[in-house]
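Open your viewer and get ready to click along. Could you give me a short tour of this protein, telling me what to select next and what I will find there?

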Amino acid sequence: MARKSRKNTEVTFAVKFEENNAEIIPSEKIYKTAIYARLSSEDISDGGAVENQILLVQKYIESKPYLKLWETFIDNGKTGTNFERGGFESLMDAAKSGKIDCIAVKDLSRFGRNYIETGNYLEEVFPFLGVRFISVNDNYDSYDLPRSNDNINSSNLTVILKNLINDIYARDISKKCRTALQIKQQRGEFIGNTAPYGYMKSPDNKNKITVDAETAPIVRDIFRWKSDGMSAPAIVGKLNAAGVLSPSNYLYSKGLLFHEKYAKKILWNASIVRKILANPAYIGHMAQGKKKSSFGSGRKEKCQTINKWIVVENTHEPIIEPAIFNAVRR
């Protein structure tokens, strides 16, 4: 991607002296600034709050007369190892359309932990779009960098090293998290974000599940209808006709899913019913590892075959009798 010339975006400068330290500030151009904040799922588990990031960057923007806060973009519970994030994509749409011309983050790790992609945005994409990039805690401002491509100063080298460190950290934490989660799975501890339909996380232990009195009867109905000979599409029709909330709509109604897309009516379908009928969780066996993913790779999850699932028997109260479950499976 070609680098956009900055000759047409020059502004005049004023020099402000405070305690013998000169600060160069633009006296004309006001930058329409967007805050970008991100928390990974690990950060959330450790009690992190995205509001703290936003507050820090807001204070920085307020201290600079040439920056005007325009909009805030957030990705909560998203890895920094790839850039397939809803908030980030909206941020880039705003930059490409010219709605903003400056992006400010708390630090480089919040922007991304992929060394190559992060470097590409800082060195190629943002200069091409004419977007200024500021990382507050790293004391990095792309406007202060040399205008010549041939110049590399200590600030450039610092950013390169920090991006590399962030990438290595993400890969290292991926290995550690993967090992820790596998140990929990093998012990029969629940590690999912939401419990299987018909269950809920125990209020006393997030790694245990307990029967949900509201949805367990629906699970029993599904198995009973199937054992009576009804097909999955017929069961779907019965549930939708009765106005039973689909699993995702139910979780949204309970405040366990947050995306607004789950606020819209989502009907039951045959795939949902078949997954319920095949899940050993309903006879008290914890079945996990159905999908394989890696925190540090940035690759999408892959479904695992049944023989690769991690199944631990008798970990929680069953909803369905084993004889009924086995008959339905056959």
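Predicted model: local features only at pLDDT ≥ 70, side-chain atom pairs only at ≥ 80, totals over all residues.

**Stop 1: the largest nonpolar core.** Select Ile222, Phe223, Trp268, Val273 and Tyr282. Within a core of 28 residues, these five touch the most other members. Now colour the elements that give two or more residues to this core: strand 9 (209–211), helix 7 (216–227), helix 8 (232–241), helix 10 (270–277) and helix 11 (322–329). Which helix gives the most to this core? Helix 7 does, with six residues. As background, nonpolar side chains in soluble globular proteins tend to be buried together.

**Stop 2: Phe223 and its contacts.** Keep Phe223 selected and show what surrounds it. Leaving out residues up to four places away in sequence, Phe223 touches Ile276, Leu277, Tyr282, Ile320, Ile324, Phe325 and Val328.

**Stop 3: a second core.** Next, select Phe73, Tyr121, Leu122 and Val131. They are among the 21 residues of a second, separate core.

**Stop 4: salt bridges.** How many salt bridges are there? The count comes to five, and the tour calls at some of them.

Select Lys29 and Asp101, which form a salt bridge with their closest N and O atoms 3.1 Å apart. Lys29 sits in the loop between strand 2 (21–26) and strand 3 (31–39), while Asp101 sits in the loop between helix 3 (86–96) and strand 5 (102–105), so this pair ties together parts that are 72 residues apart in sequence. Is Asp101 buried or exposed? Asp101 is buried, because its relative accessible area is 14%, under the 20% cut-off. Lys29, at 27%, is partly exposed.

Move on to Lys254 and Glu214. Their closest N and O atoms are 2.7 Å apart, again in a salt bridge. Look for Lys254 in the loop between helix 9 (247–253) and helix 10, and for Glu214 in the loop between strand 9 and helix 7; the pair therefore ties together parts that are 40 residues apart in sequence. Lys254 is partly exposed, with a relative accessible area of 41%, and Glu214 is partly exposed too, at 48%.

**Last stop: back to helix 7.** Select Asp221 and Arg224, whose side chains meet in a salt bridge of 2.9 Å, N to O. Both lie in helix 7, three residues apart, which is about one turn of the helix. Asp221 counts as partly exposed at 26% relative accessibility, and Arg224 counts as partly exposed at 41%.

Technical notes. Residues numbered from 1 in each chain as written. Heavy atoms only, no water. Core = buried A, V, L, I, M, F, W, Y, C linked by side-chain atoms within 4.5 Å. Buried < 20%, exposed > 50% of the residue type's maximum accessible area, 1.4 Å probe, protein only. Helix = DSSP H or I, 4+ residues; strand = E, 2+ residues; numbered from the N terminus. Contact = heavy atoms within 4.5 Å. Salt bridge = Lys/Arg side-chain N within 4 Å of Asp/Glu carboxyl O.
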